[in-house]
Amino acid sequence: MKTRTLGQLGVSALGLGCMGMSEFYGQGDEQESVATIHEFLDSGGTLLDTADMYGPFTNEQLVGRAIAGRRDEVVVATKFGNERRQDGSWVGINGHPDYVRRACDASLARLGVDHIDLYYQHRVDKNVPIEDTVGAMAELVQAGKVRHLGLSEASAGTIRRAHAVHPITALQTEYSLWEREPETKVFPVLEELGIGFVPYSPLGRGFLTGQIRSEDDFADDDFRRHSPRFQGDNFARNLELVDRVRELASARQCTPGQLALAWLLAQGDHIVPIPGTKKRERLRENLGAVDIELSPEDLELLDRLAPAGSTAGARYPNMSTIDT
């Protein structure tokens, strides 16, 4: 496994997103999920990404069980801020300092670790100054409970304000061939401040793998059934984009998913995608992307095939929680 650096944090070139092992993408299988995490670590992968809200709460527990006895091999990244109740109901976005402290202690207990390597604010609380939230996060670093700080879905202005309080190691935001907005909105400030970038949903929520051809491919409890990009005319238009990527992947003798991940890796050495999977077979496919070298001609062609703004539909049914 090749390595990269997020700020001052060394990690594997690809991380593993663990969310779907517990929620949102249909029924999971804990035994297979744990086996997938173990194979990721055996392959030299280090960065595991979770959050307290996934499950809710059960995904951190699953990751904790999987890494028991292997803590030194793992860079654990988790998040707080999307507050949910035990029954899964939604409370809201919470960036209050007292909540930050409570959330961290709860995550440490569920993960079974004495420190979190990378602790993200999952969503920016527009009702709490970012200086207050990051100030509380900085106290966690001073206490030895957290090593590095991150933000998720934060605007350039928020990133600057946060970084002035305590160095931000990484920003996590959706980014892929079908979501390229970060290139103009946040990439310049990340480069200026030396902040790493962790794209979530790097395979377009699975769409860029070419495996999804109909809304019927989703389980009844799959949240993509309610996503604007997977509905009606948007679905049909986005399939055209996927088919263009499939054609180039075939020519390059790789899978569409591998091509999409290789494109992301080629966008900068500070970029570490975290494709999510709960199956070892898909993990092996994703890891193969690390060894794919795209030529300047390939990259230029992909820019033409999947230009910024070409994807139909909003990322979420309600975008009001995104800090823009």
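Me: Let's begin with β9: how many of its 7 residues are buried?

Reply: Buried means under 20% relative accessible area, while over 50% is exposed and anything in between is partly exposed (1.4 Å probe, protein chains only). In β9, 6 of the 7 residues are buried, so the strand is mostly covered. Before we go on, note that this is a predicted model, where local features need pLDDT of at least 70, side-chain atom pairs count only at pLDDT 80 or more, and totals for chains, interfaces and linings use all residues. Residues are numbered from 1 along each chain as its sequence is written, and side-chain values use heavy atoms, with hydrogens and water left out.

Me: Which strands pair with β9, and in what sense?

Reply: Strands of a sheet pair through backbone hydrogen bonds, either parallel or antiparallel. Here strands are DSSP runs (E, at least two residues), as are helices (H or I, at least four), numbered from the N terminus; two strands pair if DSSP finds at least two bridges between them. β8 runs parallel to β9, and 5 bridges join the two. One of these bridges links Ile116 with Val146 of β9. β10 (residues 168-174) also pairs with β9 in the parallel sense, over 4 bridges. There, Ile168 of β10 is the bridge partner of Leu149.

Me: In what order do the strands of the open sheet run, and which stand at the edges?

Reply: Follow the partners from strand to strand. The open sheet has 7 strands, with parallel pairing, in the order β3-β4-β5-β8-β9-β10-β11. β3 (16-17) and β11 (196-200) stand at the edges; each has a single partner strand, so one side of each has no neighbour in the sheet.

Me: How do I judge a helix such as α4 by its length?

Reply: Compare its reach with the expected span, which is 1.5 Å times one less than its number of residues. Helix α4 (residues 130-142) has 13 residues and reaches 18 Å from first C-alpha to last, close to the 18 Å expected. Its buried residues are Ile130, Thr133, Val134, Ala136, Met137, Ala138 and Leu140. What covers them includes β5 (75-80), α3 (97-111), β8 (116-121), β9 (146-152) and α5 (156-165). After α4 comes Gly144, with a positive phi near 85°.

Me: Is Val242 buried or exposed, and what is it in contact with?

Reply: Contact means heavy atoms within 4.5 Å. Val242, found in helix α8 (residues 232-251), is buried at a relative accessible area of 1%. Leaving aside neighbours within four places in sequence, Val242 is in contact with Phe207, Leu208, Gly210 and Arg213.

Me: What volume does the largest pocket have, and which residues lie nearest its centre?

Reply: On a 1 Å grid over the protein atoms alone, a pocket is an open set of points where a 1.4 Å probe fits, with protein on both sides within 12 Å along at least five of seven lines; lining residues have an atom within 4 Å of a point. A volume is the space filled by probe spheres set on the points, which are joined across faces, edges and corners. The largest pocket has about 1400 Å³. Its lining has 49 residues, and Met19, Phe24, Tyr25, Arg205 and Phe223 lie nearest the centre. β7 (90-93) and α10 (280-287) each supply at least two lining residues, with α10 giving the largest share, 3 residues.

Me: How do the residues of that lining divide by type?

Reply: Ala, Val, Leu, Ile, Met, Phe, Trp, Tyr, Cys and Pro count as nonpolar, Asp, Glu, Lys and Arg as charged, and the others, Gly among them, as polar. The lining of the largest pocket has 20 nonpolar, 18 polar and 11 charged residues. The second largest pocket, with about 200 Å³ of space, is lined by 8 nonpolar, 1 polar and 3 charged residues. Among them are Lys2, Arg4, Leu265 and Glu293. β1 (3-6) and α9 (256-265) each supply at least two residues of this lining.
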